Amino acid sequence: MKIFYVEVDTNDGDYVGKIVKVKDEVVEKFRSLIEKIKKYGEHNFPCCECDDDDELCDRYDISEEELEEFRDSFQLYTGEYGFHTITRIQEVTLRKRLI
């Protein structure tokens, strides 16, 4: 398992973030997608009821099943109105305390 901090922008400056655990094989599967999302910039992952998943699938060259697996695995917060940008998706390294 790997630990990630995932943060989304829900409304041009309203950020919601959380720590999630993701299976190693899932991380490897989506590593290139994460890099593509980071390079895309603003409005890189529109996610709400009114958005078309086909657009995201075409943009990132993934299937609808992969898109759903990515959303579920990284527990992307949609909230009441969704979000438009993944502002951070960063692997976190935790160290054990000696005391």
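Colleague: Which residues touch the most other members of the largest nonpolar core?

Modeller: Bear in mind that this is a predicted model, where local features need pLDDT of at least 70, side-chain atom pairs count only at pLDDT 80 or more, and totals for chains, interfaces and linings use all residues. Residues are numbered from 1 along each chain as its sequence is written, and side-chain values use heavy atoms, with hydrogens and water left out. A nonpolar core here is a set of buried (under 20% relative accessible area, 1.4 Å probe, protein chains only) Ala, Val, Leu, Ile, Met, Phe, Trp, Tyr and Cys residues joined through side-chain atoms within 4.5 Å. The largest one has 24 residues, and those touching the most other members are Phe4, Phe45, Phe70, Phe74, Leu76, Ile86 and Ile89.

Colleague: Which element gives the most to this core?

Modeller: Helices (H or I, at least four residues) and strands (E, at least two) are DSSP runs numbered from the N terminus. Strand 1 (2-9), strand 2 (15-22), helix 1, helix 2, helix 3 and strand 3 (85-92) each supply at least two core residues. The top contributor, with six residues, is helix 1.

Colleague: What does Phe45 touch, leaving out residues up to four places away in sequence?

Modeller: Contact means heavy atoms within 4.5 Å. Among the partners of Phe45 are Arg59, Arg71, His84 and Thr85. The list also includes Ile37, Leu56, Leu67, Phe70, Leu76, Phe83 and Ile86.

Colleague: In what order do the strands sit in the sheet?

Modeller: Strands pair if DSSP finds at least two bridges between them, and strand 1 and strand 2 have eight, in the antiparallel sense. Strand 2 and strand 3 are the edges, each pairing on one side only. The sheet is open and antiparallel, and its three strands run in the order 2-1-3.

Colleague: At roughly what angle do helix 1 and helix 3 cross?

Modeller: Axes are lines fitted to C-alpha atoms, for helices over the stretch in contact, with angles from 0 to 180 degrees between N-to-C directions. Val26, Lys29, Phe30, Leu33, Ile34 and Ile37 in helix 1 meet Glu66, Glu69, Phe70 and Ser73 in helix 3. The pair therefore counts as roughly perpendicular (65 to 115 degrees). The axes of helix 1 (residues 24-40) and helix 3 (residues 64-73) come within 11 Å and cross at roughly 95°.

Colleague: Within what distance do the axes of helix 2 and helix 3 come?

Modeller: Those axes cross at roughly 95°, which makes helix 2 roughly perpendicular to helix 3. Asp53, Asp54, Leu56 and Cys57 of helix 2 make the contact with Glu64, Leu67 and Arg71 of helix 3. The axes of helix 2 and helix 3 come within 9 Å.

Colleague: Is Phe83 buried or exposed?

Modeller: Phe83 lies in the loop between helix 3 and strand 3. Phe83 and Cys48 are 35 residues apart along the chain, with 6.4 Å between their C-alpha atoms. At 4% relative accessibility, Phe83 is buried.

Colleague: And what is the relative accessible area of Cys48?

Modeller: Cys48 is in the loop between helix 1 and helix 2 (53-60). Beyond its neighbours within four places in sequence, Cys48 contacts Tyr81 and Gly82. Cys48 counts as partly exposed (between the 20% limit for buried and the 50% above which a residue is exposed). The relative accessible area of Cys48 is 25%.

How values were computed
Angles under 35 degrees count as roughly parallel, over 145 as roughly antiparallel, 65 to 115 as roughly perpendicular and the rest as oblique.
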